[in-house]
Amino acid sequence: MFMNELAPDEAISSMCILCQELPLARAGVEPHHNLKLQGCLPQPNGAPQECLYQCVTCGTSWLRRTDRWGADAGFRLAP
């Protein structure tokens with residue numbers, strides 16, 4: 001079953017504690033030690049760069065965006 005198929009309460013309960021405590025969309029937050037970088041996709045025309053991370057403990061996927069000026073937009077749950 002994929003994360004987007006779970007009810008909201010089930011999705012949160014399937015996340016590890018470190019992923020639950022990761023602040024959303026806050027600049028300067030470092031990935032916790034179980035988040036592993038899967039790869040980055042530079043976007044054309046100055047669009048934000050997105051890097052995909054995945055937690056090795058619970059499998060939650062996270063996106064970290066950086067705008068064209070290099071400003072960090074923090075982590076968001078990947079769709």
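These legends describe close-up views of a predicted model. Local features need pLDDT of at least 70 and side-chain atom pairs count only at pLDDT 80 or more, while totals for chains, interfaces and linings use all residues. Residues are numbered from 1 along each chain as its sequence is written, and side-chain values use heavy atoms, with hydrogens and water left out.

**View 1. The open sheet has 4 strands in the order S1-S2-S3-S4.** The pairing is antiparallel. S1 and strand S4 (72–77) are the edge strands, each pairing on one side only. Neighbouring strands are turned by 25° against each other on average, direction ignored. Axes for such angles are lines fitted to C-alpha atoms, for helices over the stretch in contact, and angles run from 0 to 180 degrees between N-to-C directions. S1 and strand S2 (residues 49–55) pair over 6 bridges. Two strands pair if DSSP finds at least two bridges between them. Strands (E, at least two residues) and helices (H or I, at least four) are DSSP runs, numbered from the N terminus.

**View 2. A disulfide joins cysteine 40 to cysteine 51.** The S to S distance is 2.0 Å; a disulfide is a pair of cysteine sulfur atoms within 2.5 Å. A search of the whole structure finds 1 disulfide. Cysteine 40 lies in strand S1 and cysteine 51 in strand S2, so the pair ties together parts that are 11 residues apart in sequence. The torsion about the S-S bond is about 105°, so the disulfide is right-handed. Cysteine 51 is also the bridge partner of cysteine 40 in S2. Cysteine 40 is partly exposed at 32% relative accessible area, whereas cysteine 51 is buried at 10%. Buried means under 20% relative accessible area, exposed over 50%, partly exposed in between (1.4 Å probe, protein chains only).

**View 3. Cysteine 55 and cysteine 58 are shown with their nearest cysteine sulfurs.** The sulfur of cysteine 55 is 3.7 Å from the closest cysteine sulfur, in cysteine 16, too far for a bond. Cysteine 55 is buried, with a relative accessible area of 3%. Cysteine 58 is in no disulfide; the nearest cysteine sulfur, that of cysteine 55, is 3.7 Å away. At 22% relative accessibility, cysteine 58 is partly exposed.

**View 4. Tyr53, Trp62 and Phe75 form one aromatic cluster.** A search of the whole structure finds 2 aromatic pairs. The rings of tyrosine 53 and phenylalanine 75 have centres 5.3 Å apart and planes at 70°, so this pair is edge-to-face. Rings of Phe, Tyr and Trp (its six-membered ring) pair if their centres lie within 6.5 Å; planes under 30 degrees apart count as stacked, over 60 as edge-to-face and the rest as tilted. Both tyrosine 53 and phenylalanine 75 are buried. Tryptophan 62 and phenylalanine 75 also pair edge-to-face, at 6.4 Å centre to centre and 85° between the planes. Tryptophan 62 lies in strand S3 and phenylalanine 75 in strand S4, so this pair ties together parts that are 13 residues apart in sequence.

**View 5. Arginine 64 is buried in strand S3 (residues 61–66).** Its relative accessible area is 13%. A polar atom of the arginine 64 side chain lies 2.6 Å from the backbone oxygen of valine 29. Not counting residues up to four places away in sequence, arginine 64 touches residues including Glu30, Cys51, Tyr53, Asp72 and Phe75. Contact means heavy atoms within 4.5 Å.

Note on methods. A polar contact is a pair of N or O atoms within 3.5 Å; within protein, one must be able to donate a hydrogen and the other to accept it, and residues adjacent in sequence count only if both atoms are side-chain atoms.
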